[in-house]
Amino acid sequence: MTNSLLIAIVTDEVSDAALAIAEREGIRGATILPASGISQSPLRTFFGLTFQSAMTILFWITDTDTANRTAQRLNEELDLDSPQQGLALTLTIDQLFGLDLGKAAN
């Protein structure tokens, strides 16, 4: 079985929904980091003030099939293809130490 790292970078407003989607797909546990980006154009609001949404980075390690399926669900349900919604990606893990996913599933 191959394992993958699933990474989702989403706005704070949808981070709880992203966690719920992953749990629904069978992924338990996540690493969560607050983040901000500099590549997005800030949104203009009243009186010339600018606003940029806070972001959250979510990391999960799971089998590759589950990671790919969950990334697709995140894209569909969080509308990640729309501008400034976030992104999801998977990376294959060559070596994994300190986590036995076989035992974690039990």
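**Close-up views of a predicted model**

**View 1. The axes of helix 1 and helix 2 come within 10 Å of each other and cross at roughly 140°.** Helices (H or I, at least four residues) and strands (E, at least two) are DSSP runs numbered from the N terminus, and each axis is a line fitted to C-alpha atoms, for helices over the stretch in contact, with angles from 0 to 180 degrees between N-to-C directions. This is a predicted model, in which local features need pLDDT of at least 70 and side-chain atom pairs pLDDT 80 or more, while totals for chains, interfaces and linings use all residues. Residues are numbered from 1 along each chain as its sequence is written, and side-chain values use heavy atoms, leaving out hydrogens and water. On the helix 1 side of the contact (heavy atoms within 4.5 Å) are V14, A17, A18, I21, A22 and R24, which meet T70, R73, L74, E77 and L78 of helix 2.

**View 2. An open sheet of four strands, in the order 2-5-1-6, is held in antiparallel pairing.** Strands pair if DSSP finds at least two bridges between them. At the edges lie strand 2 (31-35) and strand 6 (86-93), each of which pairs on one side only, and the twist from one strand to the next averages 20°. Strand 1 (residues 3-11) runs antiparallel to strand 6 and is joined to strand 6 by eight bridges; within this pairing, N3 has I93 of strand 6 as its bridge partner. Helix 1 (residues 12-24) packs on the sheet, where it touches strand 1, strand 2 and strand 5 (55-63), and its direction makes about 10° with that of strand 5. Helix 2 (residues 64-78) also packs on the sheet, touching strand 1, strand 5 and strand 6, with a direction that makes about 15° with that of strand 1.

**View 3. N3 is a buried residue in strand 1.** Its relative accessible area is 15%, where buried means under 20%, exposed over 50% and partly exposed in between (1.4 Å probe, protein chains only). When neighbours within four places in sequence are left aside, N3 is in contact with T62, D63, T64, L91, T92, I93, L96 and L101. One of these contacts, I93, is also the bridge partner of N3 in strand 6.

**View 4. L19 belongs to helix 1 and is partly exposed.** The relative accessibility of L19 is 25%. Apart from neighbours within four places in sequence, L19 is in contact with A30, I32, L58 and W60. The C-alpha atom of L19 is separated by 10.0 Å from that of F59, which lies 40 residues away along the chain.

**View 5. D79 sits in the loop between helix 2 and strand 6.** The phi angle of D79 is near 55°, a positive value in a residue other than glycine. D79 is counted as partly exposed because its relative accessible area is 40%.

**View 6. The protein chain as a whole contains three helices and six strands.** Read along the sequence, these elements follow the pattern β-α-β-β-β-β-α-β-α. Of the 106 residues in the protein chain, 27% are buried. Among contacts in the protein chain with a separation of 6 or more, 79% are accounted for by residues 24 or more positions apart.
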